[in-house]
Amino acid sequence: SGRGGLEHLRSQTSMMPRKCMQEGNEDEWRDLVSLFSHEFLHQWNVKQLRPHNFLDYDLQKEVHTDLLWWFEGLTSWLGDIICLRSGVWSDDDWNKDWMRKMNRHFDRNGMEHESLMESSHDSWIHLYRPNSYSREVQISYYLEGEMAIFCLDVELRKRSKGMSGLDDVMVSLYNEFRLGSTKEGVKYADIRKALVNTSGGRNLGKMLDSLVSERKAPDVLAAFATLGMELVSEKERK
């Protein structure tokens with residue numbers, strides 16, 4: 001019943017229940033594909049492009065970063081988009097998985113108490129040591145980071161008339177700050193600068209600041225409206 005993945009510099013390790021490979025387990029198979037894609041993308045967005053203060057670890061003390069919303073949230077968003085773009089997932093696969101995330105997103109109130117930067121910094125203190133009240137006062141930088149990236153990606157594509165998205169921002173950062181470059185390691189200011197220098201992103205710096213530093217949920221409903229879509233709960237649909 002175990003589930004987990006770990007990226008390496010040239011490969012990945014993925015652990016999933018055996019039933020993911022058995023016929024008829026559609027949800028489990030979809031999750032397997034998503035995990036493969038997520039860890040695959042991490043070889044760029046974590047192993048090669050990484051937080052600046054992760055370049056030289058001091059293993060005798062805790063080393064924190066405020067950027068896990070980028071390294072896990074963006075990887076979650078683009079990882080599943082890769083599943084869709086490649087054709088491994090159908091539109092229906094993506095819709096079903098996104099609804100699963102929406103249920104988790106709307107079933108929690110933690111963003112009123114914790115920002116994405118705070119969640120990133122305190123990950124080893126809080127995220128992996130849950131208690132009875134965690135879902136009400138804490139957030140996951142995986143899930144809520146993906147929601148924030150989704151909103152930002154939609155706005156960037158709107159302002160650039162579809163010419164650029166967050167994948168272009170990641171490529172720009174990778175080319176400039178990956179391991180072996182003259183500027184190894186990325187900081188928040190670098191992410192913000194790459195965003196505003198991307199076509200359509202000129203005035204999105206304040207939106208990024210708000211999404212990652214304020215204690216409030218990203219407006220996913222507005223992002224869907226921008227796409228000409230409406231998110232309707234299953235209860236209303238019935």
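Helices here are DSSP runs of at least four residues, numbered from the N terminus; the views below come from a predicted model.

**View 1. The second largest pocket, with α3 and α12 in its lining.** Welcome to a pocket with a volume of about 340 Å³. Its lining has 11 residues, and those closest to the centre are N103, F106, V232, S233 and E234. Both α3 and α12 (234–237) supply at least two lining residues each, and the largest share, 4 residues, comes from α3. Sorted by class, the lining has 6 nonpolar, 2 polar and 3 charged residues.

**View 2. The largest pocket, centred on H38, E72, Y128, Y141 and Y142.** These are the closest to the centre among the 50 residues that line the largest pocket, where about 1300 Å³ of space lies. Helix α1 (26–42) gives the most to this lining, with 6 residues, and other elements that supply at least two residues include β1 (4–7), α2 (68–86) and α7. By class, we find 18 nonpolar, 14 polar and 18 charged residues here.

**View 3. W70 in the largest nonpolar core.** This core has 47 residues, and W69, W70, F150 and L173 have the most contacts inside it. Its largest share, 9 residues, comes from α7.

**View 4. K161, a non-glycine residue with a positive phi.** Look for K161 in the loop between α7 (143–159) and α8 (166–177). Its phi is about 55°, whereas most residues other than glycine have a negative phi. K161 counts as exposed because its relative accessibility is 75%, and the cut-off is over 50%.

Note on methods
Residues are numbered from 1 along each chain as its sequence is written. This is a predicted model: local features need pLDDT of at least 70, side-chain atom pairs count only at pLDDT 80 or more; totals for chains, interfaces and linings use all residues. Side-chain values use heavy atoms; hydrogens and water are left out. Buried means under 20% relative accessible area, exposed over 50%, partly exposed in between (1.4 Å probe, protein chains only). A nonpolar core is a set of buried Ala, Val, Leu, Ile, Met, Phe, Trp, Tyr and Cys residues joined through side-chain atoms within 4.5 Å. On a 1 Å grid over the protein atoms alone, a cavity is a set of points where a 1.4 Å probe fits but cannot get out, and a pocket is an open set with protein on both sides within 12 Å along at least five of seven lines; lining residues have an atom within 4 Å of a point. Grid points are joined across faces, edges and corners, and a volume is the space filled by probe spheres set on the points. Ala, Val, Leu, Ile, Met, Phe, Trp, Tyr, Cys and Pro count as nonpolar, Asp, Glu, Lys and Arg as charged, and the others, Gly among them, as polar.
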